[in-house]
Amino acid sequence: MNSPRFVCPHSKALLRSFAGRAVAVRVADVADIADAAAGVRNSGNELFCVIVETILPLSEIEFHEDQLSIPLAVMTPSMGSFRALARSVDALRRSAIRVYLPCNNLDNLAALRILSSLGIHVCAQFVTSANDWEALTDLMTYAVLGRSPHASIEPFSFIAANYNPHSNLPWGLIEFDDPSRFLHLDEEGHVALSRYELKRGLFVAQSVDELGSPAVASAISERENRWRRFFTDNHPCASCAGWKVCLGRFSDELPADRGCATLFTELIEVATMLKSSTSHRDEGGVWRP
Amino acid sequence: MTWENLIYIADFLEASDHRSVSLLGGEPTIHRYFVDFVLYLLERNFTVTVFTNGMVSAARLAQFKTYFAEVSVERLHFVCNLNDPVQTPTSEKETRRVHDFLSVMGPWTSPGFNIYRTDFSLDFLFDYINRFGLKRSLRLGLTQPIPGKQNAFIRPSEIRAVVQRLYSFRDRFDLLRVKPGLDCGFPICQFTDEELGWLHRSGCDALFGCGPAFDISPDMSVYYCFPLSNYRRKSLFDFDSVEKIDEHFRSTRDPIKAESPGIFAECDGCRYQEDGLCAGGGLCQALHRFIDEAPIRLPEIEHELSKIRMSS
């Protein structure tokens, strides 16, 4: 298995404390994008992407031409007004950017669809279980079955493309939330298994030097196999039709309407249908005895 | 209209290889997202035509200046439906708003005029074209009946007088090089050869046809055209393509045509209609004739008309 990538803040000292890693570097200001990218490259590490965590709406972010070739994950609270964004659409379309928007309000669901329809890759961030699940299901349908060419809407596009009924799909990696693929570092080099735990100071290691230790390996393994608990605890999620994709993601505050079940069940159906139509198409073009 | 519906419509049209969209109302410019919708459709590579009355607030006009100033006049087009200040006077405030709109958006705008009486004047439109630098084409529509409603409209017997009145402005059209454009519902037989020759030389887009233009409402209903907005409307979601919508409305038209080939008795067997050169006037005019008649028509027509009667 490849070493997990590091997600860390833009700090020269921190970046020089390790080498040969793929790094997603976090910045709060778009003005720091180029510096952060150069900082990773100059530290003997490989740049995976720059994560911009901003409180500005997308329409108020001024991207510069030299930033457009850098892989960017822009996490913003909203799109802002389209009229203000319109002048940047062409540049965004040409760039290696994915825009992350919290999907807990209808304006952002519309924004995700707008951006995707214009060829800008986006990701719906699940920040709570209190979502408009019906509207999310509509968005998922558009993402996977939309008839016109449009950019990906994650995690739906990823799930539909990679769904396998016989194995788990770690789609949290779209949001850097999968400890076998991403580990999160703070300024001092403490290591957390997820963004959520990083924010709350819940660390599994005090520095990257501890990463090979049995304790860390065990924590990662425990996280990867956490889903098993749903069965031993006889949790309602374990018997949900959407389980194979969801894996109990919203179990902490299970929505009363169980709208998450509708979304993930439909997503499985759509993904299965898509796979089946693709495999039939493949068969049609091949000579068989 | 919601963003989701707008995107659906844009996808739908794109999939059918249609690259132009018209925004109508009510008054489309008062929609909260009007500027955003226009910019979005332009980003999707549509050409956008907006039908407006030009009564745009100062705040909205400031947005037009900011966001539309660099949009090509080939890609964004306003058709401003104007009223004759003498025959249909409006308040000073409304007039000023229209003038402000034309001052800013003149190069993007063609004047439009709906003819609802035979003694109309076009002089004020030529004046607007010169004063505000409008596009040199004038869209002329016949006011049509809305079957079942009591609106004012030009009756078939008045169309010849309308055409004669229009032709009386020929000198001004020619002098100012303004291209007349005729909306649907003008029958070709109401023009003399001389008048037709003039229209042709002026580059007029007269098709003497009748839709289907097909309009889509905010609730995603699709209908033949505004006057027939209550007749056999269906959900856009029932269709796969523009061609299917066209098919549906052509099948709407056929039974009405079977009952009444056109707005004149002479339309029955008319060679221009048979050759597809003329639609025999507006379908809404033909349908309107059935409204007050005893229910002797095809059940399909009767069913739709009874729904209209009940809703009026």
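Modeller: Before we start, helices here are DSSP runs of H or I with at least four residues, strands are E runs of at least two, and both are numbered from the N terminus. This is a predicted model, where local features need pLDDT of at least 70, side-chain atom pairs count only at pLDDT 80 or more, and totals for chains, interfaces and linings use all residues. Residues are numbered from 1 along each chain as its sequence is written, chains are lettered from A and ligands numbered from 1 in the order in which they are written, and side-chain values use heavy atoms, with hydrogens and water left out.

Colleague: Okay, where is Phe176(A)? And what makes its phi worth a mention?

Modeller: Phe176(A) sits in the loop between H7 and strand S8 (182-185) of chain A. Its phi is positive, about 65°, although it is not a glycine. Most residues other than glycine have a negative phi.

Colleague: Why is Phe176(A) called buried?

Modeller: Buried means under 20% relative accessible area (over 50% is exposed, in between is partly exposed; 1.4 Å probe, protein chains only). Phe176(A) has 4%, so it counts as buried.

Colleague: What makes Arg83(A) and Asp36(B) a salt bridge, then?

Modeller: Their closest N and O atoms are 2.7 Å apart, so the pair passes the distance test. The rule finds 2 salt bridges across the interface of chain A and chain B.

Colleague: How much area do chain A and chain B bury between them?

Modeller: About 1600 Å², 54% of it on carbon and sulfur atoms. In chain A, Phe82(A), Arg83(A) and Arg147(A) lose the most area to chain B, together 44% of what that side buries. Buried area is the accessible area (1.4 Å probe) that two parts lose on being put together, summed over both.

Definitions and conventions: Salt bridge = Lys/Arg side-chain N within 4 Å of Asp/Glu carboxyl O.
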